[in-house]
Amino acid sequence: MSRAVKQEIAKEGILPFSLFFARSTTTPYAWLKHRFWRSDGRALEQSPATALGLHWVFAVILVAATSSTTPSVGYIVLVLLYAYLLVVLVGFFVAAGVLYLRFAKKKGWTDKLGFKPWGGPTAAIIYSCTCAFMIVGVFITPGETSPFSYATTGVRHYIVPTVGLCTLLIGYSYYLVFAKLIPRVRKKVLVVEREPIIVRQGGRHDGEWVQILEVVEFWWAARHSEGKEA
């Protein structure tokens, strides 16, 4: 998951210190250019530096977790983990979600689309079935001559998918606690307001519209309450 995705999650207020990780800072290159060269009137380039730091921390944890193995084995484990978690699992749930929206008549999703894709839901069915097979099939013990066997990698074949599934379950459990349990216990709901500031680039009337910043606010409010609550 990229730093930009982490920043967008932080903007929803569901991470610890969300405002800290949601902020953007001026890049060193933009600051130096603005400081020592003539400014062209454009907004200074921003970067999600704090979210990048969070991304780096998790990358270091993953690399450290495989440090007891050889570089080649560690590389294989990290690539398989990435593929299983972000390609197979996420791909399955995206395809399954599309199928759910397609056949759930109460959602009225097909009426909102305005077009009918060629083949209907065939592509989503094939993709979800393929991902479902890989989710389960990876737990089958590979042959001794397989490049993914224990004799070759020194890592049991079920470790990577188990870690991937556990990561997904931990994330979902965090969501249930934050979105369901805490509001029920506190009798409050999290209110998030995001206001993008969009101006013409360079202040020119013919300049392109660009988003220079986004104001993010969130607070816990009592249920059925319209006003802010500290």
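Trainee: Which side chain does Glu214 meet in a salt bridge?

Mentor: That of Lys11, with 2.9 Å from N to O. Keep in mind that this is a predicted model.

Trainee: Where do Glu214 and Lys11 lie?

Mentor: Glu214 is in strand S4, residues 209–222, and Lys11 is in helix H1, so the pair ties together parts that are 203 residues apart in sequence.

Trainee: Is Lys11 buried or exposed?

Mentor: Lys11 is buried, because its relative accessible area is 8% and the cut-off for buried is under 20%. Glu214 is partly exposed, at 22%.

Trainee: What else does Lys11 pair with?

Mentor: Glu8. Their side chains form a salt bridge of 3.4 Å, N to O. Both residues are in helix H1, three residues apart, which means about one helical turn separates them. Glu8 is partly exposed, with 34% relative accessibility.

Trainee: Why would such side chains pair at all?

Mentor: Side chains of opposite charge can pair when their charged atoms come close.

Trainee: Which residue does Glu12 bridge to?

Mentor: Arg194, at 2.7 Å from N to O. Glu12 sits in the loop between H1 and H2, while Arg194 belongs to strand S3, so this pair ties together parts that are 182 residues apart in sequence. Glu12 is partly exposed at 34%, and Arg194 is partly exposed at 29%.

Trainee: Which residues are linked in the network of salt bridges?

Mentor: Glu8, Lys11, Glu12, Arg194 and Glu214. The count of salt bridges comes to five.

Trainee: Changing topic. Which residues make up the largest nonpolar core?

Mentor: Six residues: Tyr84, Leu85, Val88, Leu89, Cys131 and Ile135. H5 gives the most, with four residues.

Trainee: Why do nonpolar side chains end up together?

Mentor: In soluble globular proteins, they tend to be buried together.

Trainee: What about charge on the surface? Which residues form the positive patch?

Mentor: Lys180, Arg184, Lys187 and Arg223. Arg184 is in helix H9, which covers residues 159–186. Arg184 is exposed, with a relative accessible area of 67%.

Trainee: And where is Lys187?

Mentor: In the loop between H9 and strand S3, residues 188–200. Lys187 counts as exposed, at 57% relative accessibility. Lys187 also has a positive phi of about 60 degrees, although it is not a glycine.

Trainee: Last one. What separation do the C-alpha atoms of Thr122 and Leu15 have?

Mentor: They are separated by 37 Å, and the two residues are 107 residues apart along the chain. Thr122 is in helix H7 and counts as partly exposed, at 41% relative accessibility.

Note on methods:
Residues numbered from 1 in each chain as written. Predicted model: local features only at pLDDT ≥ 70, side-chain atom pairs only at ≥ 80, totals over all residues. Heavy atoms only, no water. Patch = residues over 30% accessible without salt bridge, like charges linked within 9 Å, V, L, I, M, F, W, Y side chains within 5 Å. Areas by Shrake-Rupley, 256 points an atom, 1.4 Å probe, with all protein chains shown as cover. Salt bridge = Lys/Arg side-chain N within 4 Å of Asp/Glu carboxyl O. Lys, Arg positive; Asp, Glu negative; His and termini not counted. Charge placed at Lys NZ, Arg CZ, Asp CG, Glu CD. Helix = DSSP H or I, 4+ residues; strand = E, 2+ residues; numbered from the N terminus. Buried < 20%, exposed > 50% of the residue type's maximum accessible area, 1.4 Å probe, protein only. Core = buried A, V, L, I, M, F, W, Y, C linked by side-chain atoms within 4.5 Å.
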